[in-house]
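Please open the model in your viewer and keep the selection panel at hand.

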Amino acid sequence: MTSCKEFHRRSIEDRDGFWTEQAALVDWHKPFSKVLDYSRPPFAKWFVGGETNLCHNAVDRHLAARGDQKAIVYISTEVDREISYTYRELHAEVNRLAAIMLGMGVKRGDRVIIYMPMIPEAAFAMLACARIGAIHSVVFGGFAAASLAARIDDAKPSLMITSDAGMRAGKIVPYKHLVDESIRLAKHPPSKVLLVDRKLDPGMTRVEGRDADYATLRAQHMNAQVPVTWMESSEPSYILYTSGTTGHPKGVQRDVGGYTVALAASMKHIYCGAPGETMFTTSDIGWVVGHSYIIYGPLLAGMTSILYEGTPIRPDAGIWWKIVADHKVSVMFSAPTAIRVLKKQDPAFLKKYDLSALRHLFLAGEPLDEPTHSWITEALGRPVIDHYWQTETGWPILSSMPGIEATPVKFGSPSFPAYGYDLRLLRESDASDAADGEKGVVAIVPPLPPGCMTTVWGDDARFVKTYFSTFSSKQVYSTFDWGIRDKDGYYFILGRTDDVINVAGHRLGTREIEEAVSAHPNVAEVAVVGVADNLKGQLPIAFVVLKDVSRTATPELRAQAEKDVMATVDKQLGAIGRPGRVHFVTALPKTRSGKMLRRSIQALAEGRDPGDLTTIEDPTALEQIKSVLAAK
Ligand code: PRX
């Protein structure tokens, strides 16, 4: 058996040989002529000249050997339904939707925004885009109309696919209504909307001439056969918007060939998912984890994937374990916040079901604290693998690789660099290598491996400036995370170097939340910081300077003003960005050059020392922060 170290070493030292072997895990319509074109650093083109297709590899390729095996099992505890689709049925549905899209004028390279709840049609839509070479951009259903409009204007889609509504914890969450509003706000709205009507929202309205009904069109395309569009490996497959330090999310662009190979390889070496087995990833299709490990990864591997619409605690806190038992799930992937939620429930739920098929539980998206890691490991009696990655990379950067070697897990650590990543911990001061036990910036020496983002959609310069310009002496990719390595080579992630926060595994930019707060007409200035939270990891807290301070003269007025600010965030950004608290002050702490002292505010909000304050312009601003925090 190869060791992880040796596997990793070879992936870096014999890059071409290593990735040629991995590329054999998938079908190529036309073989590639070159493994890597790195003639224009830091832009990497993988499997140059090769032609392939994600949908072909995820669906068509399996028809001969496993056409009657379940590909997707949709389980909804919200609408109380369970529906399975075999690979053959999935193929038919994807062909129907691909034909509908072609009929609506969608062409290769066009963008299609998918704004949908966790229903099978969302998966069909992604795969149908991949089939015809359209570029999908799935937007998480928790984002509000203004956020959706910003993404529309960046992607300029020719079509949006949506649904009347989703359901969360028994409550109807309107989608179509938000799509209508976002199209009204957008400068580059799509001319067509395809609507999957679940008949959940009786108040939903349609726009004549623009909105098409999915069920009606599906009935007209029952026998559709849409040939796969063979894509050059580097053509874009999808865009996924993610938060950074500005108020404007970046469109992470991914290729076709590199992503297909990277996911197929990760299913084998990291997740150990064999064809015919079942994978259950509890994320949402709106996040990168959903793209890679609800849809593409398990299907590329010929597995059955569970698409779950619901929460972890309804009808009771045993629901996920019931799914694992009923469907003999062998690979499960979730997030630390969900496990912390379950930890607060009766442990009997975990003992009630037969979990013998489960081999590993993978967790990612936010730091996994040691107590939660050890609790769930003990409760499951299985290795629980903390692994670390980003929307930008599309698959794990740091992980143990049980498909290569079963290395011991250390609680609180996502283990080692995954193959393909030439990972470094660099000193912030001069980009030199940090020693074992010394904190450094987690960086990757380019080229980034296959599957990682290839650029920022429509903005190559932003890709280089954002990710490769942290250090002036070296062009390396910055993850914007701090890390540390122990003497055994295990890494630990210590939090972000920038203003990105992580709320219940959801990545948000504090600037984005600040912009949403600023949409309130009475807000003059705002600072948002993320503070540690036992359950959600972090929670945004806002400090607001109002134009008209009389609006907060009494406790009742303050409470109302706080509610109003929260409602503004809900409307602008979505409830996922809603601050846990809104505090009112008359000045915010800044340096004399006008830079907001966010780190100091955050330190105070977490009860820590605010650090060096010699550059502060107005010391009373910090005193105000202290006093509003003390007053709660
Ligand atoms: O700060 C790191 C944190 O989440 C960020 C990436 O979030 P996102 O783009 O939403 O991708 C999630 C893909 C799983 C990282 O920069 N993060 C992710 N995984 C971990 C983590 N922090 C600590 N430990 C992890 N395992």
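Predicted model: local features only at pLDDT ≥ 70, side-chain atom pairs only at ≥ 80, totals over all residues.

Residues are numbered from 1 along each chain as its sequence is written, and side-chain values use heavy atoms, with hydrogens and water left out.

**The two domains**

Select residues 81-224, which form domain 1, and then 504-630, which form domain 2; these bounds come from an automatic or database domain assignment. The centres of the two domains, taken over C-alpha atoms, are 36 Å apart. Eight residues of domain 1 and nine residues of domain 2 make the contact (heavy atoms within 4.5 Å).

**The interface**

The size of an interface is often given as the accessible area lost when the parts come together. Domain 1 and domain 2 bury about 540 Å² between them, and 56% of this lies on carbon and sulfur atoms. Buried area is summed over both parts and uses a 1.4 Å probe.

Next, select F140, F143 and A144. Together they supply 52% of the area that domain 1 buries against domain 2, more than any other three residues.

How many salt bridges does the rule find across the interface of domain 1 and domain 2? The count is zero, where a salt bridge requires a side-chain nitrogen of Lys or Arg within 4 Å of a carboxyl oxygen of Asp or Glu.

**The ligand**

- H387: a polar backbone atom is 2.8 Å from a nitrogen atom of the ligand.
- D481: an N or O atom in the side chain is 2.5 Å from an oxygen atom of the ligand.
- R496: an N or O atom in the side chain is 2.7 Å from an oxygen atom of the ligand.

Terms used. Buried area = accessible area lost by both parts, 1.4 Å probe. Polar contact = N/O pair within 3.5 Å; in protein donor to acceptor, adjacent residues only side chain to side chain.
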